[in-house]
Amino acid sequence: MKRVGILTGREQTFPESIIKSINEKGNGEVIAEMVTVGGIRLDEAKKYDVIIDRISHEVPYYRATLKRLALEGTYVINNPFWWSADDKFFNFSLAAKIGVAIPKTVLLPQQDYIEDITSESLRNLEFPLDWEGIVNYVGFPAFLKPFDGGGWKNVSKIHSLEELWHVYNQTGKLCMTLQEGIEFDQFVRCYCVGQERVLIMPYDPTKPYLSGMQYVNVTDYLSPELHARVEKDVITICKALGYDLNTVEFAIKDGVPYAIDFMNPAPDAELASVGEFNHNWIVNAMTEFIFKKLETDFETPEYRWTSMLNPSAKKTETKTAAPKAASTAKSKTIAKPAKKAAEKKPQAKNASAE
Ligand SMILES: Nc1ncnc2c1ncn2[C@@H]1O[C@H](COP(=O)(O)OP(=O)(O)OP(=O)(O)O)[C@@H](O)[C@H]1O
Ligand SMILES: [Mg+2]
């Protein structure tokens, strides 16, 4: 019997639906349930074959627990090691390198630091910052937003340098990015499951967050060309980042889909927010993905950091002579640094889960 655990926060309908869906399909052979954990021992035994993680980004104890459980061969959705290392600015830069349209973005030094950091500690920091240069590059309107965040927290639309300084001065210890604002004609959010299945959802961000009014029911919202490009970009991004579940958001202007947010490894899937069609799609797609993993007796994932950027591309390269994935050529370019790093001895020693 295989066991699937769900680790979740306040959400209700997604955990209920996915547990029900897996248990129905599992027929007693595969069981899904809520995870229960307490004090985690060094020699903690394996309890789950798969864990779906929806909350460890907000509970460090859960993140540490998941990493520990991965050591026993539990497959965690999403990879807790990569998620810990990931940030949105790196993602913007990586996606731009592999051919996805990204609005001009600048990483900013923090406005404030922990107590022991003084101006002496920051001798490497240019002062004053070249604010004129930064805003000339990004332009207005712009979005000031955290390099690692979610839930629209601390995201501000900025129209002038004075407004930028005013808002930036309230960001404290948060590390922020300034990004070109795309005055979009269309907007979509896309689920991606298993780095291959994509659902493009028309989305209206002018409606209140989580109101249930943001996901718009429009058929044939994108032209066939745009639809194909968005789908391809979503897969390119999710393969590069190695996320099994993610959402990618695009602001579309003059026929160009700009990816503006794609570090969402625990995306909203609540019935009241995303609507019945989208909710059912994600529950079914996740159920099928998990069963495919279990049936093919998945390999223990490589959790060395050198392999994390693109484990699937690595497998594709070694196993298949004629890879099917649309973005294989692009994947290879980003697999390169990982290979180089793997040659270094200290990294090779760290192999923990092969
Ligand atoms: N570059 C941009 N151009 C246009 N609109 C933007 C841009 N960046 C952010 N926005 C707007 O602000 C909203 C929130 O920004 P973003 O998605 O980056 O924040 P978040 O906190 O990661 O949100 P989420 O909860 O979706 O993960 C977007 O849905 C979009 O409407
Ligand atoms: Mg977003």
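Q: What should I know about the model and its numbering?
A: This is a predicted model: local features need pLDDT of at least 70, side-chain atom pairs count only at pLDDT 80 or more, and totals for chains, interfaces and linings use all residues. Residues are numbered from 1 along each chain as its sequence is written, and chains are lettered from A and ligands numbered from 1 in the order in which they are written.

Q: Which backbone angles deserve a look?
A: Most residues other than glycine have a negative phi, and most peptide bonds are trans. Asn154 has a positive phi, near 60°. Asn27 is not a glycine either, and its phi is positive at about 50°. Asn27 lies in the loop between α1 and β2. Asn27 is exposed, with 8 other C-beta atoms within 10 Å.

Q: Where are the cis peptide bonds?
A: One joins Ile77 and Asn78, with omega about 10°. Asn78 is in the loop between β4 and α3 (80-85). Another joins Phe127 and Pro128, with omega about -5°. Pro128 is in the loop between β5 and α5 (131-138).

Q: How many helices and strands does the protein have?
A: There are 13 helices and 12 strands. Of the 354 residues in the protein, 33% are buried.

Q: In what order do the strands of the open parallel sheet run?
A: Two strands pair if DSSP finds at least two bridges between them. Here 4 strands are ordered β2-β1-β3-β4, with parallel pairing. β2 (30-34) and β4 (75-77) are the edge strands, each pairing on one side only. From one strand to the next, the twist averages 20°. Strand β3 (residues 50-53) meets β4 over 3 parallel bridges. Val50 stands opposite Tyr75 in β4.

Q: Which helices lie across these strands?
A: Axes are lines fitted to C-alpha atoms, for helices over the stretch in contact, and angles run from 0 to 180 degrees between N-to-C directions. Two residues are in contact if their C-beta atoms, placed from the backbone, lie within 7 Å. Helix α1 (residues 13-26) lies across β1 (2-7), β2 and β3, at about 160° to β2. Helix α2 (residues 60-70) lies across β1, β3 and β4, at about 160° to β3.

Q: Which residues of α1 are buried?
A: They are Phe14, Pro15, Ser17, Ile18, Ile19 and Ile22. Their cover includes β1, β2, β3 and α9 (276-295).

Q: What is in the largest nonpolar core?
A: A nonpolar core is a set of buried Ala, Val, Leu, Ile, Met, Phe, Trp, Tyr and Cys residues joined through C-beta atoms within 7 Å. The largest has 56 residues, and Ile18, Cys190 and Ile237 have the most contacts inside it. Helix α7 (residues 224-241) gives the largest share, 7 residues. Another core, of 8 residues, lies apart from it, with Phe143, Leu144, Leu164 and Leu178 among them.

Q: Why is β9 described as largely enclosed?
A: In strand β9 (residues 186-193), 7 of the 8 residues are buried, so the rest of the structure largely encloses it. β9 pairs antiparallel with strand β11 (residues 245-253) over 8 bridges. β9 also pairs antiparallel with strand β10 (residues 197-202), over 6 bridges. Cys190 stands opposite Ile200 in β10. β9 and β10 form a hairpin with 3 residues between them, and Gly194 in the turn has a positive phi of about 65°.

Q: Which way do the residues of β8 point?
A: Met176, Leu178 and Glu180 point one way, Thr177 and Gln179 the other, and all are buried. Strand β6 (residues 142-146) pairs antiparallel with β8 over 5 bridges. Phe143 stands opposite Gln179 in β8.

Conventions. Helices (H or I, at least four residues) and strands (E, at least two) are DSSP runs, numbered from the N terminus. A residue is buried if 20 or more other C-beta atoms lie within 10 Å of its own, exposed if 12 or fewer, and partly exposed in between; C-beta atoms are placed from the backbone.
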